[in-house]
Amino acid sequence: MSRQEGAEVHLYPFDLQLEPGSLTVLLGATQAGKTSLLRLMAGLDVPSRGRIWADGRDVTGVAVRLRDVAMVYQQFINYPSMTVAQNIASPLKLSGRMAPVAIEQRVQELARRLRIEGFLDRLPGALSGGQQQRVALARALAKSASLMLLDEPLVNLDYKLREELRDEFLTLFAGGGSTVVYATTEPGEALLLGGHTAVLDAGELLQYGPTAEVFHRPKSIRVARAFSDPPMNLIPATAVAEGIDLGSGLVLDLRAALQRLPRLAGALTLGVRAGALELSSAQWPANFLKIPAKVALAEVSGSDTYIHLESPLGGLVVQRTGVHRFALGESVTVGMDPGAAYLFDAKGAMVFAPSPVHTAGAPDLLRAKSAQSAGTR
Amino acid sequence: MKEARWRSPFLIAYLVFALLPIYWMVNMSFRTNEDILSSFSVFPKHFTWANYAVILTDPAWYSGYVNSLIYVAINMVISVTVALPAAYAFSRYRFLGDRHVFFWLLTNRMTPPAIFLLPFFQLYSTVGLMDTHLAVALAHLVFNVPLAVWILEGFMSGIPREIDETAYIDGYTFPRFFLTIFLPLIKAGIGVTAFFCFMFSWVELLLARTLTSVDAKPIVATMTRTVSASGMDWAVLAAAGVLTIVPGAIVIWFIRHYIAKGFAMGRV
Amino acid sequence: MIKPVNQKAWWLVLPVILCVAFSAILPLMTVVNYSVQDIISPERRVFVGTEWFVAVLRDEELHGAMLRQFGYSLAVLVVEVPLGILLALAMPVDGWRASATLVLVALSLLIPWNVVGTIWQIFGRSDIGLLGAVLEALGTEYSYTGNPTHAWLTVLAMDVWHWTPLVALLCYAGLRAIPEAFYQAARIDGASRLAVFRYIQLPKLRGVLMIAVLLRFMDSFMIYTEPFVLTGGGPGNATTFLSQYLTQKAVGQFDLGPAAAFSLIYFLIILLFCFVLYNWMQRVGTSGTSAAGEQGAR
Amino acid sequence: MARIHLDIAHSYRPHPREDADYALLPMRQTFEDGGAYALLGPSGCGKTTMLNIISGLVRPSQGSIWFDEREVTGLAPQQRNIAQVFQFPVVYDTMTVAQNLAFPLRNRGIDEARARARVAVIAEMLDLSGQLDQRAAGLSADQKQKISLGRGLVREDVGAVLFDEPLTVIDPHLKWQLRRKLKEIHRELRLTLIYVTHDQVEALTFADTVLVMERGRVVQSGSPSELFERPAHRFVGHFIGSPGMNFIPVTLLARALAHQAGALTPAKPEVPPGALTLGIRPEYLRLCELHEPGALPAQIEQIQDLGSCWLVGARVQPVAAGNAVGNGVGNGVGVGAALLRLRLARGEVVPQLNQSVGLQLLSPHTCFYDSRDELMAGPSGGVGDD
């Protein structure tokens with residue numbers, strides 16, 4: 001399928017070809033145009049310019065109900081006056097192609113897969129948020145439409161439920177029967193879902209490709225910023241002989257890291273992921289850049305600790321596995337591995353990205369890091 | 001919030017003020033005219049059903065009620081049925097001149113019936129609708145349809161548009177969606193709307209009286225004419241009055257839970 | 001998100017347009033037509049241009065009616081709005097008491113307007129009416145048929161009795177719409193009962209109150225039936241308001257031209273207020289929905 | 001400033017019979033003066049009820065509440081001298097920001113000058129100084145919420161400030177700044193702060209002590225790292241961390257335990273042999289060669305690239321206690337089937353899909369849970385707590 005839309009307000013013209021039968025994540029902040037795009041795909045809105053094709057057939061003008069799509073919203077949308085069973089059955093009944101018995105079986109089967117078989121004869125209003133969303137999913141799956149659209153389906157659930165349902169998505173969509181488009185604001189969610197990712201920002205399609213690739217080789221600063229949580233550390237720099245000068249006397253030595261690069265010149269932006277920065281470790285090799293910093297806040301996300309720092313280079317964020325305590329204002333040293341550096345040119349285009357494996361630091365350090373990540377500091 | 005001291009006394013005081021006049025009429029409706037005029041008393045001494053008997057047996061009287069109920073019913077049905085799709089359109093879509101149409105509808109709710117009096121008289125005479133239930137029902141549409149659209153629009157806007165979209169995606173046609181899914185969702189709204197249509201059509205006198213003479217003469221008109229004609233039969237008049245309150249009281253009891261909601265949108 | 005544009009929606013509105021067109025536009029056109037003609041008899045009519053308008057605007061009686069009308073409408077607002085608010089505050093919040101009160105309060109709204117008149121006609125008579133009798137007993141020469149002031153006051157009392165519930169119910173609904181958190185926060189901030197009213201309830205009622213005010217103004221502005229039954233506009237012209245005046249002209253004296261011209265003027269006045277009301281609705285409506293959204297998020 | 005002690009139970013039903021009738025099961029709880037506490041739990045666990053009981057909006061159906069030596073069970077919120085911030089912004093529309101902030105002070109008859117000074121301080125902290133004279137009504141949701149926070153913090157004499165998911169309406173990328181504000185404020189004002197949330201990030205970031213709640217009970221109360229390192233209850237292990245702790249049923253033989261004791265450093269009380277549940281966090285579960293001692297054979301089922309690390313799912317086949325597998329744990333520990341999650345740091349050797357690998361279940365971080373899901377043995381308290 002290939003789509004090409006331009007809706008003046010919400011979306012700038014672009015061309016996007018979804019991998020058939022795969023899962024595509026639309027990643028972007030709120031107002032990035034994800035919902036607009038989904039609505040266009042569904043046919044709820046009509047593009048102000050351009051056309052939409054499904055399997056080679058132009059569906060631009062086709063009425064929603066004649067299209068082969070299913071959609072799940074972030075609000076839990078069900079028919080309040082129908083029982084769960086009737087809700088799930090309704091698209092099947094309407095298609096008119098199935099015998100009542102067959103419908104009955106399909107409903108049962110879906111309910112089992114989504115673990116709501118217990119509530120089939122209740123009204124959606126009587127269920128918890130998570131269960132309501134399961135019902136909505138079941139109804140969407142019932143059609144087994146060739147295009148399945150999900151608009152931030154988990155955003156209104158608390159995070160444990162999100163984890164649970166997200167894992168189920170992976171199995172539910174593994175079949176590859178239908179093309180799934182999943183809109184989210186969370187980079188983490190995109191990574192967990194895998195598949196392909198399309199990064200949207202302010203109505204522009206910035207990059208589209210396999211999720212891991214988009215993550216590890218962002219085309220531009222905008223992509224890197226949109227597809228990093230915690231936000232990637234971005235530091236203005238200028239090219240010098242042995243690497244790049246970050247100002248305030250800090251120079252990152254890139255000679256070891258990137259021989260295979262055209263000579264750098266002029267103004268650059270250095271990008272380092274929070275996970276690639278390290279705190280106060282004895283065994284840093286010589287080429288590591290050591291940056292003095294003060295702790296502004298240690299955010300604990302359960303499995304990781306994000307340490308927000310103030311440094312001569314501006315605000316930095318460091319990610320550490322496990323739960324760690326830092327006093328506000330505590331001073332620490334940050335170690336930056338040249339091998340983990342992203343470089344963007346003056347126009348914001350990516351000129352160098354570290355090899356994926358490398359982002360955690362020099363190989364000889366791996367054991368050390370994993371040992372260290374085992375908590376004690 | 002905690003109950004404040006002044007509340008209950010004030011409430012009771014008001015209720016007395018609200019109910020006393022009504023009670024007085026009820027009281028009189030159970031007395032004979034002579035009794036009323038001769039002696040003054042706060043409760044019926046010689047209790048009698050006679051006045052009600054008069055009304056329920058004399059066709060001139062009870063046909064009045066029947067007529068009123070007929071045109072109120074017709075009006076209610078028409079108002080709600082035409083208002084439903086319109087309200088949906090206003091609550092869901094933007095279209096050329098929507099705001100202006102809505103405003104224009106509201107102006108009709110606000111126009112004094114007196115203004116329409118004359119032209120209605122002419123118009124209905126020419127199309128030969130004079131003195132029919134339909135005439136009054138149609139006349140009352142002037143203020144009831146805008147009202148119905150207004151109230152329903154409020155209720156419909158409270159229902160997420162995603163439900164409509166999901167339905168269309170599931171393959172519902174508009175009519176089927178509207179009847180099987182949407183209407184059940186706004187039951188309350190329809191109830192409230194019907195109530196207000198009933199109320200405003202039931203209480204209106206001016207048009208009802210002007211557009212009818214004999215066959216469709218509403219109770220309200222019957223009463224005023226009795227007043228002007230045969231001296232003052234207070235007792236019967238009171239009984240008639242009491243009977244006009246009954247239907248309203250019944251209706252309001254049924255939708256009491258929705259009233260507040262209906263008013264909540266200030267759509268009255 | 002914004003509503004999609006869809007011109008097909010017109011088809012849904014069409015029935016309403018037709019209905020109202022038949023029962024409003026046609027008549028209005030006739031009015032306009034009359035207002036510029038002198039109808040001697042159905043056959044013989046003469047075009048007279050704006051003559052009637054001029055005549056009507058010069059008409060002393062009309063000025064009188066107009067003044068009485070405004071005076072009356074203001075009086076209605078001054079009494080009914082505060083009373084309505086108090087009543088709303090006093091009404092129980094839940095349980096059977098709540099619904100019982102609700103019904104009792106709303107009852108007077110459901111009484112046919114002429115019966116309202118009748119009720120007070122009876123109630124106020126000094127020979128057979130409780131009110132009248134009591135006032136007599138207190139030694140006042142009370143008579144709503146004889147004394148203009150009494151008549152005027154009685155009509156006002158009747159209107160208060162009849163319509164205050166509308167204001168009350170509006171406010172009541174408005175109060176119910178205030179999230180509990182506001183009251184809790186106020187308690188924790190140590191706010192007095194008065195402060196709660198002044199800083200939470202009153203501001204939150206702004207919307208409904210505006211609606212109530214304008215509705216009451218409109219309806220009192222077109223009041224007809226009740227005074228008609230009670231006083232017939234008298235004594236003298238004490239209770240002759242615009243609608244009575246118009247009906248007298250139209251049906252009574254049957255001079256259609258002036259009546260029509262007057263109708264239009266009347267209509268334009270109303271239209272003006274309508275416009276104000278509508279724009280208010282728009283604003284209030286939007287703010288209201290945003291508040292609803294906040295709660296919807298729960 | 002007050003030390004808050006609860007000895008209560010609460011039920012919204014008149015005559016509670018079984019546990020399900022209780023919103024809060026009977027509990028004792030003490031909040032030390034000047035501490036930063038968080039009540040963490042899924043919706044419906046009773047955390048908000050507990051908060052409202054402390055603030056006096058809800059009166060507990062049983063028991064009593066003490067602020068220092070003073071019993072406040074029967075007292076109304078305004079008499080308790082506490083402040084509370086709600087989930088959704090509560091501002092007085094007709095007032096300016098300044099008037100809003102000053103409102104609690106006014107109601108307590110604090111004189112203008114002092115009120116103004118205090119308002120200035122708070123406004124400065126929440127960087128509202130710019131808007132002080134604006135009408136509160138016009139502001140954005142997160143601005144309004146800042147005002148609510150301000151009204152909560154404005155009183156110096158306040159015994160405690162209670163927060164009910166105050167950051168719900170805040171825009172995600174503003175959240176961490178406000179969290180930082182709250183922490184700074186806590187450090188500067190040293191007020192007792194109690195913070196209700198269902199979001200582990202909020203709780204663990206904000207609080208020195210987190211009370212994890214489930215179905216009306218406090219299942220564990222401790223520092224963030226304690227919750228992470230030695231969850232006192234399976235629910236905590238599951239609820240904290242994403243993904244949560246791995247659980248796998250095991251049976252220990254006496255012999256094996258002795259043999260393994262080295263691994264369970266220092267597990268007091270000694271883990272009794274028999275059936276129990278072993279818990280280990282994805283961060284601590286390590287891959288190893290099948291022939292290494294203690295290796296548990298497993299098959300790789302799922303590999304997810306999380307950017308900064310790998311998330312690997314390994315399927316474990318059941319092993320009866322006593323019979324050796326490889327020379328793995330089998331001889332000591334019988335193991336039930338389970339899908340275990342591992343987190344591998346970037347650059348660690350990542351296995352192939354369907355590859356069979358060895359897992360090291362026993363590490364200094366391994367926890368053991370009894371049939372009542374409560375912790376029997378795990379890493380010594382201090383681990384990771386620094």
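Student: How far apart are the centres of domain 1 of chain B and domain 2 of chain B?

Tutor: Good start, and please keep in mind that this is a predicted model. The centres, taken over C-alpha atoms, are separated by 31 Å. The domain assignment of chain B places domain 1 at 1-48 and domain 2 at 58-264.

Student: What makes up the contact between domain 1 and domain 2 of chain B?

Tutor: In chain B, 8 residues of domain 1 are in contact with 7 residues of domain 2. On the domain 1 side, helix H1 (7-29) and helix H2 (33-38) of chain B each supply at least two residues. The largest share of that side, 4 residues, comes from H1(B). By class, the domain 1 side divides into 4 nonpolar, 3 polar and 1 charged.

Student: What about chain C and chain B: how many residues are in contact there?

Tutor: There, 83 residues of chain C are in contact with 80 residues of chain B. Helix H1 (residues 9-35) of chain C gives the largest share of the chain C side, with 15 residues. That side of chain C holds 65 nonpolar, 15 polar and 3 charged residues.

Student: Which residues is D:Asp7 in contact with, leaving aside its neighbours within four places in sequence?

Tutor: Those are D:Arg28, D:Gly63 and D:Ser64. D:Asp7 and D:Ser64 are 57 residues apart in sequence, yet 5.5 Å apart in space, C-alpha to C-alpha.

Student: How do you know that helix H3 (residues 97-107) of chain D is mostly covered?

Tutor: Of its 11 residues, 8 are buried. Among them are D:Val97, D:Asn100 and D:Phe103. What covers the buried residues of H3(D) includes helix H4 (112-125) and helix H5 (141-153) of chain D. After H3(D) comes D:Gly109, whose phi is positive, near 60°.

Student: Which residues touch the most other members of the largest nonpolar core?

Tutor: In this core of 356 residues, they are A:Leu149, B:Ala83, B:Val149 and C:Cys171. Helix H7 (residues 133-157) of chain B gives the most to the core, with 17 residues. Leaving aside neighbours within four places in sequence, B:Val149 is in contact with residues including B:Ala83, B:Phe90 and C:Val16. Apart from this core lies another, of 21 residues, among them D:Leu287 and D:Leu344.

Student: What describes the packing of helix H3 (residues 60-90) and helix H9 (residues 193-221) of chain C?

Tutor: Two packed helices are described by the angle between their axes and the distance between the axes. For H3(C) and H9(C), the angle is about 140° and the axes are 9 Å apart. Their crossing is right-handed.

Student: Which residues meet where H3(C) and H9(C) pack?

Tutor: From H3(C) there are residues including C:Tyr72, C:Val76 and C:Glu80, and they belong to a group that meets residues of H9(C), including C:Val213, C:Arg216 and C:Phe217. By class, this contact has 8 nonpolar, 4 polar and 2 charged residues.

Methods: Residues numbered from 1 in each chain as written. Chains lettered and ligands numbered in written order. Predicted model: local features only at pLDDT ≥ 70, side-chain atom pairs only at ≥ 80, totals over all residues. Contact = placed C-beta atoms within 7 Å. Nonpolar A, V, L, I, M, F, W, Y, C, P; charged D, E, K, R; others polar. Domains from an automatic or database assignment. Buried ≥ 20, exposed ≤ 12 C-beta atoms within 10 Å, placed from the backbone. Core = buried A, V, L, I, M, F, W, Y, C linked by C-beta atoms within 7 Å. Axes fitted to C-alpha atoms, helices over the stretch in contact; angles between N-to-C directions. Left-handed = near helix turned anticlockwise from the far one by under 90°.
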